[in-house]
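Please take a look at the sequence and model below. A short briefing for a new reader goes with them.

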Amino acid sequence: MILSGKKAAGGVATGRIYVHNINFLIPVEHFTGVGEEQSHLDRYLSVKEEAQQELDRIIANIQKEDPDKALIFIAHKEIVDDIIINEEIPSKIMKEHLSGDWAIYHVYDTFLAALRKTSDSHIAERAVDFDDVRAMLLRLWNGKKNEGLSSLQESVIIAAGELLPTDTANMDKNKVLAVITEKGGITSHTAIIAKSFGIPAVFGVEGLLDIVKQGQFAIVDADEGKVILDPDVDTTVEYNKKQEIFLKNRKENEKWLYKKGQTSCGVKIDIGLNIANTDAELEAADFADYAGLFRTEFLFMGRNDLPEEDEQFDVYRKVLECFDGRPVMLRTLDIGGDKKLSSLEFEQEENPFLGNRALRFCFGHPDIFRTQIRAALRASVYGNLWLMFPMVTSLEDIKKAKIFIDEARKDLKKKKAPFGEIKIGIMIEVPSIALIADKAAFEVDFASIGSNDLCQYLCAADRMNSTVEDYYQSYHPAMFSLLSGIVSSFSKAGKPVSICGELGCDEKAVPALIGLGFRKFSMGYATVASVKKAISSVSLEKCEEIAGKVLGCATASEIKEIFASS
């Protein structure tokens, strides 16, 4: 029997199914006895602290694989500390005399109902995160550890209705052959984590739990988005070989970490690392030529106050010293959209990804912006700092941002605080600036293309909305046409341009991007080895041939076919 779904993370696996039922003890509606309110409130506060500690452990572990994914659980921490929730739950306990566990369930259920009704897809999809946090709090209330997928006794294929992000983050990846679920989009948090772990995953398999059985033998061909139940001998033999190749390739990829990015004909390709600020990430600095994306929002998220200038300075200096003269592309605060700060109130927006985010947010909060720029300038004494601004839409944005830098320099001079020379650049994520890249190139020293947002805005398809995921086409011909224009404009101006995001670490697309003229690629640690290997397997001549074919395509499917046959 063959079941169909959507590829969430590529690869092949054969093995026995482990049916994972996500359930937490739904409390019975009950009330506290007279005088018990304070003990229930104290217990809730203790459980809340335990949840924060558990999330800290998850964040520390997942940052070793890919720091970008840690943002998911930093957002979980903000939910745990949400001001309104933490007013409502104590009120339910102390004033309405609800038991602590019933208060948790009731308050979160109210939030979940509102989230699921909203027309804003980003907010609606956050319901999974609130559900995840509620399940964690109720589990801890009942004194249970999260052992579900972290203590598997044998290697299995996980089958579930839906995996919550903490389930995926906590699972023993060495015992999970593949993941298949009924729900969940290919852009969901769980899909993102599975991909970073290198675990094959197929999501959206209709009626899965009504069909599969515990211990049933199955094949998961995630590349084709299918699950084969009770396969015959010939099919099993065929896929066992495919699985061996998949696992062998995954293991062999690791040796490429220690090699330089270089085509088969000797053309040097710089490999950048996307980082935040953890010791595990900085240990991986040796595998990269530069820090292609230093996400500074990690400093601001998951806390109730704003980081002061000296705190930021210390962190930026640490990263610059670690890269020891290699460029560090520090992105100024990129907040808004689906990333909020507990320390500030954000106005409700109909479409936050088209709203007050990133550079726009910084312009609206000049004190925050100036503090960060001063800290960055001071830290530049200790390394090679390239400062870049996100969500730039016009030349006016660039000029306005540069005024902030000039003001910060004057301020530091007055205070006799030392600062170094820096390069100034932009993130190209919006078509409006991409289409005038030739003009933008003369205003800045470099650019970095954020391929995820650029594709989202180009295709007018929310990349986090599973209902329109088919319209989010990273292989859209317009995408490659736009990228070709950007790299050409910056090359003519003698300015470097790098690319990050999913396309920048897509080993199938990388040869075409090299053929277009890209020589800098930035990515999370998890994909560095596979990209270096992909680069080494092609010559510049071959890359240019592929790029030429891609630019002649009219559809994304045609480009996909070219990549598959190259």
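The points below go from the whole chain to single residues.

This is a predicted model. The chain holds 23 helices and 16 strands. With a radius of gyration of 24 Å, close to the 24 Å that the globule rule gives for 566 residues, the chain is as compact as a globular protein of that length.

**Overall build**

- Along the principal axes, the C-alpha atoms of the chain fill a box of roughly 75 × 70 × 40 Å.
- Of the 566 residues in the chain, 56% count as buried.
- Take the contacts between residues at least 6 apart in sequence: 70% of them join residues at least 24 apart.

**Surface and charge**

- The chain has an accessible surface of about 24,400 Å².
- Carbon and sulfur atoms account for 49% of that surface.
- The chain carries 68 positive and 86 negative charges.

**Aromatic pairs**

- A pair of aromatic rings is described by two values: the distance of the centres and the angle of the planes.
- Aromatic pairs in the chain number 16, counting rings whose centres lie within 6.5 Å.
- W102 and Y105 make a stacked pair, because their ring planes stand at 20°, and planes under 30 degrees apart count as stacked.
- The ring centres of W102 and Y105 are 5.5 Å apart.
- Both W102 and Y105 sit in helix α4, which covers residues 100-117.
- W102 and Y105 are 3 residues apart, about one turn of the helix.
- W102 is buried, and Y105 is buried too.
- F518 and F521 form a tilted pair, because their planes are at 55°, between the cut-offs of 30 and 60 degrees.
- The ring centres of F518 and F521 lie 6.4 Å apart.
- F518 counts as buried, at 0% relative accessibility.
- F521 is buried as well, with a relative accessible area of 0%.
- One aromatic cluster is formed by F363, F369, F389 and F404.

**A loop residue**

- Where does I84 lie? I84 is in the loop between α2 (67-80) and α3 (85-94).
- I84 and V107 are 23 residues apart along the chain.
- The C-alpha atoms of I84 and V107 are separated by 9.8 Å.

Technical notes. Residues are numbered from 1 along each chain as its sequence is written. This is a predicted model: local features need pLDDT of at least 70, side-chain atom pairs count only at pLDDT 80 or more; totals for chains, interfaces and linings use all residues. Side-chain values use heavy atoms; hydrogens and water are left out. Helices (H or I, at least four residues) and strands (E, at least two) are DSSP runs, numbered from the N terminus. The radius of gyration is taken over C-alpha atoms; the globule rule is 2.2 Å times the number of residues to the power 0.38. Buried means under 20% relative accessible area, exposed over 50%, partly exposed in between (1.4 Å probe, protein chains only). Contact means heavy atoms within 4.5 Å. Accessible areas come from the Shrake-Rupley method with a 1.4 Å probe; for residues, only the protein chains shown count as cover. Lys and Arg count as positive and Asp and Glu as negative; His and the chain ends are not counted. The place of a charge is taken as NZ of Lys, CZ of Arg, CG of Asp or CD of Glu. Rings of Phe, Tyr and Trp (its six-membered ring) pair if their centres lie within 6.5 Å; planes under 30 degrees apart count as stacked, over 60 as edge-to-face and the rest as tilted.
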